[in-house]
Amino acid sequence: FTKGYTLLTEKRYKEASRCFYSLTGFNKKYKDEAEYYYAYCEFSQQNYTDALETFINIGEESKFYEAAQFHALQIYDRLQYRSKAVTLGKQLVNKFPNSKYNSEAYRILGENSYFQQNWHDAVEYLKLYSKNQTQVQRADMYMLGIANYMIADYPNAITYLGKVTTEQDSLAQNAYIFIGHANLQQNQADKARMAFQNASLINAD
């Protein structure tokens with residue numbers, strides 16, 4: 001076990017994985033630790049099928065249960081298993097309201113709700129994510145802005161989409177277009193015209 005853990009701290013995941021796997025079947029003393037760290041090594045090597053199978057079978061009595069469940073959530077997200085990600089994510093943030101993993105869980109919930117066109121959930125969880133992060137990716141601000149637009153919360157749509165326009169790229173161009181439409185919905189024709197003009201000035205490939 002000590003050898004495996006040393007290899008893990010050195011990020012030699014393939015070698016560490018073999019050490020931990022050799023302990024999972026018969027060594028009761030290190031069974032919980034070996035199973036979790038084996039799964040973590042597989043996860044770190046993007047061997048998601050093996051990692052997921054182990055993570056989800058770690059029982060609630062294990063001290064690694066919370067971490068294992070959140071890693072399973074990350075795998076669902078990376079494999080784009082959207083329904084499973086949303087279902088498990090909601091379970092985890094309710095079961096572990098003060099978890100250190102919740103910021104990442106909110107992001108996963110928000111993004112996957114967005115892709116499922118569940119706009120209200122997307123707004124709820126992406127807002128929670130943004131409040132728990134000092135720096136939020138522009139793509140997440142874009143999703144939050146679009147989700148607000150879709151539920152007709154045009155002032156918030158403009159606010160969040162405005163945070164996307166810091167660069168001259170296709171994301172900013174699309175943000176300006178939706179800002180324009182949001183302003184039109186509020187009878188702000190001059191602001192809408194300015195937003196559409198800004199979109200037209202971006203030479204995005």
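Predicted model: local features only at pLDDT ≥ 70, side-chain atom pairs only at ≥ 80, totals over all residues.

Q: Why is the contact between Glu 111 and Arg 107 called a salt bridge?
A: The closest N and O atoms of Glu 111 and Arg 107 are 2.9 Å apart. The cut-off is within 4 Å, for a Lys or Arg side-chain nitrogen and an Asp or Glu carboxyl oxygen. The pair therefore qualifies.

Q: How many residues separate Glu 111 and Arg 107, and in which helix do they lie?
A: They are four residues apart in helix H7, residues 102-115. That is about one turn of the helix.

Q: What makes Arg 138 and Asp 169 a salt bridge?
A: Their N to O distance is 3.0 Å. The limit is 4 Å, so the contact counts.

Q: What does the pair Arg 138 and Asp 169 tie together?
A: Arg 138 lies in helix H9 (residues 138-150). Asp 169 lies in the loop between helix H10 (154-162) and helix H11 (170-185). The pair therefore ties together parts that are 31 residues apart in sequence.

Q: How do you know which class Arg 138 and Asp 169 each belong to?
A: Arg 138 has 18% relative accessibility. That is under 20%, so Arg 138 is buried. Asp 169 has 22%. That falls between 20% and 50%, so Asp 169 is partly exposed.

Q: What makes Asp 190 and Arg 193 a salt bridge, and where are they?
A: N to O is 2.9 Å, and the cut-off is 4 Å, so the pair qualifies. Asp 190 and Arg 193 are three residues apart in helix H12 (residues 189-201), about one helical turn. Both are exposed.

Q: Why does the phi of Gln 80 stand out?
A: Most residues other than glycine have a negative phi. Gln 80 is not a glycine, yet its phi is positive, about 60 degrees. Gln 80 sits in the loop between helix H5 (65-78) and helix H6 (82-95).

Q: Why is Gln 117 called exposed?
A: Its relative accessibility is 57%, and exposed means over 50%, so the label holds. Gln 117 also has a positive phi of about 60 degrees.

Key: Residues numbered from 1 in each chain as written. Heavy atoms only, no water. Helix = DSSP H or I, 4+ residues; strand = E, 2+ residues; numbered from the N terminus. Buried < 20%, exposed > 50% of the residue type's maximum accessible area, 1.4 Å probe, protein only.
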